[in-house]
Every structure is written in structure tokens, then in C-alpha cells.
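Here is a friendly tour of one protein chain, meant to be read with the model open beside the text.

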Amino acid sequence: MTKKEKEKRQLKYNAPKGIHDILPPDIYLWQKIEKISKNLFEKYGYQEIRTPIIEHTDIFIRSIGEETDIVEKEMYTFLDRAGRSLTLRPEGTASVVRSFVEHNLNTLPTPQKFYYVGPMFRYERPQKGRFRQFYQIGVEAFGEKGPLIDAEVIAMLVNFLNLIGCENVNIELNSIGCETCRPLFKKELINFFSNKLSNLCTDCQRRHKTNPLRILDCKVDGCIENRQGAPMISRYLCENCTVHFEELKNLLNNLNIPYTLNPELVRGLDYYTKTTFEATSNQLGAQKAVAAGGRYDKLVEEFGGPPTSAIGFAIGLERIITLTKEKLTIQYPDPLFFIATIGKEAEMKGLILAENLRQKGYYVEIHYGNASLKSQLRKADRINAKVVLIIGDEELKSGKIKWKNLYTKEQGDVDINAVVSIVS
Ligand code: ATP
Ligand code: MG
């Protein structure tokens, strides 16, 4: 073998940086959490929506905003073979809104409520709680402009976090106003930062002109220091936004949902209006947000649909898993039957029996290849099978097979056509 051939043979492939496999047994925890979320969300009238993983790039630029970290630095964008710019979705809301408008879902009775589960992609620096492919469970509700649905959505999130055993999660709440009150706030922000520009990062120096709100969300130390004392949106909210926010707080108080007001919570996406919120945990270190969301009353119109209020949130599944890994008990699927066979003919009978039992809905494992009965029984034990069925020459002749319950140690003979009677 030449050196080159040897190297080729030894080549080891890894998943791309920041992108992970989810393997058994961990996958059972993922499935459990997804199942809990689906069951719960359906109780609130949410239906699943599956949108594509790739979209036209413009969808994300228009909705998330040109001056955001996601669009500026984090998107996986590529040209397809016909030269169209496509992007792996960095979040779910933009696609759901695109789909809502494309399929005229506004014509259905309001509110229309959707949930989704799936992978998102962001070219970020991989670190604890931050990956390049990560999973979100999200919800979006369209067609209600009052604060009742804001309260309901937040209650649903809290309910979910409680159900999966996420403790010590705090809801941080803010209102970032609307197109009536935000311009004045923006003006005040521009004034505030105008004599601090040289202390801000180059991105924020640009954002000062284009999108000053983003300075409040910048993660650079100098920018964090220099926004001390910056104007707070809460003082600039218009009458309508103030009433909405006050009513929401009142509803949450009456639902006994604790929250903390965080006047600095502006979120990293441009489409939000009025209510914004984050669920944070003090057990996660720097990446403490487990879920985040808010209202986006203008986005459907932006996408060419009729004026439609909307609100939603997205939960980061990896961070949820970190918080619940030790707490949630997982029921692994154990085989009900293990079929041990001695000899070729028995092997075939065993395969037929396994198929019959599986068609009746039972989980059956068989033994593959030659091995002593002893080692087959050891295998049955190792995989935690409940009942072993043994087929050998004698059994083939008599039509009766031996069985042993490995949990209770009971054993006996049973007609090969009546195996189910052992467990029923
Ligand atoms: P962060 O402040 O942690 O960067 P974000 O504001 O970018 O979060 P959103 O876009 O609101 O996050 O996404 C909602 C949730 O998805 C986050 O609260 C987090 O739990 C999760 N999330 C976001 N980005 C990542 C990532 N790169 N890896 C893992 N989870 C993520
Ligand atoms: Mg982020």
C-alpha cells in the first residue's frame, strides 16, 4: 500500500465544527421533551407546521433585519445551481410568517396557532450552550392584538418549563414599543450615544446611524459599559403600548406567574413590537436564555399579507436538555420477547414467530448467527428482554416451545401459536 493509500484509508471524518450528533440513549430525552411540548401546545390549540429548512435569503434579511448579528455574521448562505441565494434557516418565525402569507392562512378563523420543532443554523463561535446547528421548539399565534394572548403564550411557556422540571427559570419582560413611540426613543438613543461613539465597537458606530436599538443588544464589553445610563424605552411608550403592557403585567399577576421587568431587553431581531420576553436560568452560565420571544405586529404586512398581529417564542432545546438531563426519567424501550434458537430450521421458525409477534405490536429481538444457548441467554439478559422463547429440535417436533420470564424467573412450555398468552 502506498503512503497516500494508507493516509486515505485512515482518514477520519468528524461532524462539522459546532454541529453534533444526537445518539441513543440521549435521543429518548429529546423525544420525551418534544412529546411533552406537543401534548401541551395542542391543549392550547396549536397545530404543527413544518416549513422548509432552506428559504430565500431575502426572507431572513427582511424580517430579522440587515443590521443584526444573525444577518451580518451568522447566516449559512449559498447560491444554488441556478444562482439563487438560499439560506439555512437561522430561526423559525420568518419561515412561518412567509408560509402564513403564501397560503393565505389569515382566511382561517383567528387566532391561528402553530408550533414547530426543528434544527436552526447560525455560524457562531461554538461554546457551551452555543452551537452552529441547534434545535428549537417554537410557537407562533396570529390574529390577536390584545394582551390576553401575550399572557397565555407566556403562561404556556412557563407551564412547559414546569412540566419538564426546569426549575429556577425567570421570565424577563419588557415592551419595546411600536412604530408610534419607537422613533422618539431612537432619537434619544442617538443623542445619548453621539458623544460616546469612539468608545463603541465599529459595528455599533455604524448601527448608531442605521439601527441604534441594536447597540443595546451588543455583546462587546466596551459597548456594554458605555450604555450605562442610556435612555429606557419604558419611559417613551405611547398610550397604546403602555396600556397593553400594564394589562399584560396585570394578567400575569393574576395568573401568579412571576416575572422580572428588564427594561434593557430589546432582543437580537428587528421584527419585535411591544411585548418581548426571555426565560433565563441561573444554572447555565453565560448562555442563560432557554427561550425567548415577543410580539411582531408588523411582520405579516412586511411579507405582503394583511395587517395581522402576532406573537411567538422559541425554546433552545440543547439548553433545556442541559437543565433537565438529571431530572427527567426516561423509559427505554425493552424487548418483550427474545427468541433464542438452536439450528438452522429453528432459526427460520424463530424469524417467522418474531414477525408474527411484531405484527401484533410486540417488541421482539432475535438472535443472529451461530451461538451457544448460554450466550444467547446472556444476550437476552443484557438487552433487558422480559421473556425468552427457546426453539430447538424438540420444540420443532412438538410445536411447543420453552419460555422463561427473566424478570420473575417463571418458566414453562407454550404452543408456538399461543405465545401471546404468556404475557396477557
Ligand atoms: P442568545 O442571546 O443566547 O444568543 P438569541 O437571542 O440569539 O440567544 P433567539 O434567536 O431568541 O436567541 O433564540 C431562542 C433560543 O434559542 C435562545 O434562547 C437559546 O435558548 C436558543 N439558541 C439561540 N442560538 C443558539 C445557538 N447558537 N446554540 C444553541 N441554542 C441557541
Ligand atoms: Mg444569539
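The report below covers sheets, helices, salt bridges and a surface patch.

## About the model

This is a predicted model, in which local features need pLDDT of at least 70 and side-chain atom pairs count only at pLDDT 80 or more, while totals for chains, interfaces and linings use all residues. Residues are numbered from 1 along each chain as its sequence is written, chains are lettered from A and ligands numbered from 1 in the order in which they are written, and side-chain values use heavy atoms, with hydrogens and water left out.

## The five-stranded sheet

Let us start with an open, mixed sheet of five strands, ordered β13-β12-β14-β15-β16. Helices (H or I, at least four residues) and strands (E, at least two) are DSSP runs, numbered from the N terminus, and two strands pair if DSSP finds at least two bridges between them. At the edges stand β13 (364-366) and β16 (411-415), each of which pairs on one side only. From one strand to the next, the twist averages 25°; axes here are lines fitted to C-alpha atoms, for helices over the stretch in contact, and angles run from 0 to 180 degrees between N-to-C directions. Five bridges link β12 (residues 337-341) with β14 (residues 387-391) in the parallel sense, and Phe-338 has Val-388 of β14 as its bridge partner.

Two helices accompany this sheet. Helix α13 (residues 344-359) packs on the sheet and touches β12, β13, β14 and β15 (400-405), with a direction about 165° from that of β13; contact means heavy atoms within 4.5 Å. Helix α14 (residues 373-382) lies across β12, β13 and β14, at about 170° to β12. In strand β15 you will find Asn-405, which is buried at a relative accessible area of 9%; buried means under 20%, exposed over 50%, and partly exposed in between, with a 1.4 Å probe and protein chains only. Leaving aside residues up to four places away in sequence, Asn-405 touches Lys-386, Val-387 and Glu-410.

## A covered strand

Next, have a look at strand β6 (residues 133-142), where nine of the ten residues are buried. Strand β5 (residues 112-121) runs antiparallel to β6, and ten bridges join the two; here Met-120 stands opposite Phe-134. Strand β11 (residues 310-316) is also antiparallel to β6, through seven bridges, and Ala-141 has Ile-311 of β11 as its bridge partner.

Three strands make an open antiparallel sheet in the order β2-β4-β3. Since β2 and β3 (76-79) are at the edges with a single partner strand each, one side of each is left without a neighbour in the sheet. The twist averages 35° from one strand to the next. Three bridges pair β2 with β4 (residues 85-88) in the antiparallel sense, and Glu-55 stands opposite Thr-87 in β4.

Helix α3 lies across β2, β3 and β4, at about 75° to β2. Within α3 (residues 57-64) sits Ile-59, which counts as buried at 12% relative accessibility. Ile-59 touches Ala-94, Arg-98 and Phe-303, not counting residues up to four places away in sequence.

## Salt bridges across the chain

The structure holds 29 salt bridges, each defined by a side-chain nitrogen of Lys or Arg within 4 Å of a carboxyl oxygen of Asp or Glu. In one of them, Glu-67 meets Arg-206 at 3.5 Å, N to O. Glu-67 lies in the loop between α3 and α4 (69-74) and Arg-206 in helix α8 (residues 202-210), so this pair ties together parts that are 139 residues apart in sequence. Glu-67 is buried at 15% relative accessibility, whereas Arg-206 is partly exposed at 36%.

Another pair is Glu-72 with Arg-207, whose closest N and O atoms are 3.4 Å apart. This pair links helix α4 to helix α8 across 135 residues. Glu-72 is partly exposed, at 28%, while Arg-207 is buried, at 2%.

## A nonpolar surface patch

Finally, Ile-53, Ile-54 and Phe-78 form a nonpolar surface patch with about 220 Å² of accessible area together. Patches are made of residues with over 30% relative accessible area and no salt bridge, where like charges are joined within 9 Å and nonpolar side chains (Val, Leu, Ile, Met, Phe, Trp, Tyr) within 5 Å; accessible areas come from the Shrake-Rupley method with a 1.4 Å probe, and for residues only the protein chains shown count as cover. Ile-54 belongs to strand β2 (residues 54-56) and is partly exposed, with a relative accessible area of 37%.
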